Amino acid sequence: MCGRLVLINPMDILARFQVPAANLIPRYNMAPSQDIPVIINDGSNHLVMYRWGLIPYWAEDISIGNTLINARGETVDEKPSFKYSLPRRRCLVVADGFYEWKREGRRKYPYRITLKNNELFGLAGLWDTWKSPDGEMLHSCTIITTTANELIQPLHDRMPVILSREAESIWLDPNVTDSRLLKSLLTPYPADQMSLYEVTSRVNSPKFDDPECLVAALPRLF
């Protein structure tokens, strides 16, 4: 799965994705239910802030978003929560890292995962718009996951879909609606182009969102 994100270099978004990204600040521990930066294409690519945790347009209340922070790539065209978004409401979730937890006995230890070059990347995402009972329009999104690569497997059997630069343009192209083509893009990112290290338990709480979240954990003596 993918439950926390990092974006410490928002100033690089314009150069990397060719979209303006004014007023963004570094984020060290983005969590579900918070607004996160995504790139959509509704005629041209641009960056918006959408709530993390997809609320389908047909949902009765907002709480469903708490269970839809991720979508499995294998069934994204089948599940009612996602299948209507796949052909027409796709997005890139912008980040330069994410966290995953490794279970050892009764405890779980967090790890920060990045590309080896520490560059920004685009995660395959879907979005939707929900109308609340009082008429408010709420935009939300989910992150698509796939099977873990060799680097992530010791931590978890799933990982977020990091799209290649070539796949990003296809994913954002509103003229592409073929589900087979779109699902073919949802593959594990090459393990040899990624790196990870254990961080402190500070990131376990979303109330902490500061550079200390990136501090490496001390070696464990057991």
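Asp178 is partly exposed, with 36% relative accessible area (partly exposed covers the range between buried, under 20%, and exposed, over 50%, using a 1.4 Å probe and protein chains only). Its partner is Arg180: the two side chains form a salt bridge, with N and O 3.8 Å apart (that is, a side-chain nitrogen of Lys or Arg within 4 Å of a carboxyl oxygen of Asp or Glu). Arg180 itself sits at 68% relative accessibility and so counts as exposed. All this comes from a predicted model, where local features need pLDDT of at least 70 and side-chain atom pairs count only at pLDDT 80 or more, while totals for chains, interfaces and linings use all residues. Residues are numbered from 1 along each chain as its sequence is written, and side-chain values use heavy atoms, with hydrogens and water left out.

The salt bridge count comes to 10. One of them joins Arg165 and Glu119, at 3.1 Å from N to O. Arg165 belongs to helix H2 (residues 165-172) and Glu119 to the loop between strands E8 (107-115) and E9 (121-131), so this pair ties together parts 46 residues apart in sequence. Here helices (H or I, at least four residues) and strands (E, at least two) are DSSP runs, numbered from the N terminus.

Another salt bridge pairs Glu212 with Arg202, whose closest N and O atoms are 3.8 Å apart. Both residues lie in the segment after strand E12 (194-198), 10 residues apart. Glu212 is partly exposed at 48%, and Arg202 is partly exposed at 23%.

Tyr84 is partly exposed at 35%. Together with Tyr57 and Trp58, Tyr84 makes a nonpolar surface patch of about 320 Å². Patch residues have over 30% relative accessible area and no salt bridge, with like charges joined within 9 Å and nonpolar side chains (Val, Leu, Ile, Met, Phe, Trp, Tyr) within 5 Å. Ser81, on the other hand, is buried at 14%. Leaving aside residues up to four places away in sequence, Ser81 touches Leu54, Pro56, Trp58 and Leu68 (a contact means heavy atoms within 4.5 Å).

Now for the chain as a whole. It has 3 helices and 12 strands, and 50% of its 222 residues count as buried. Among contacts between residues at least 6 apart in sequence, 65% join residues at least 24 apart. The C-alpha trace spans about 55 × 40 × 35 Å along its principal axes. The chain exposes about 10900 Å², and carbon and sulfur atoms supply 52% of that; accessible areas come from the Shrake-Rupley method with a 1.4 Å probe, and for residues only the protein chains shown count as cover.
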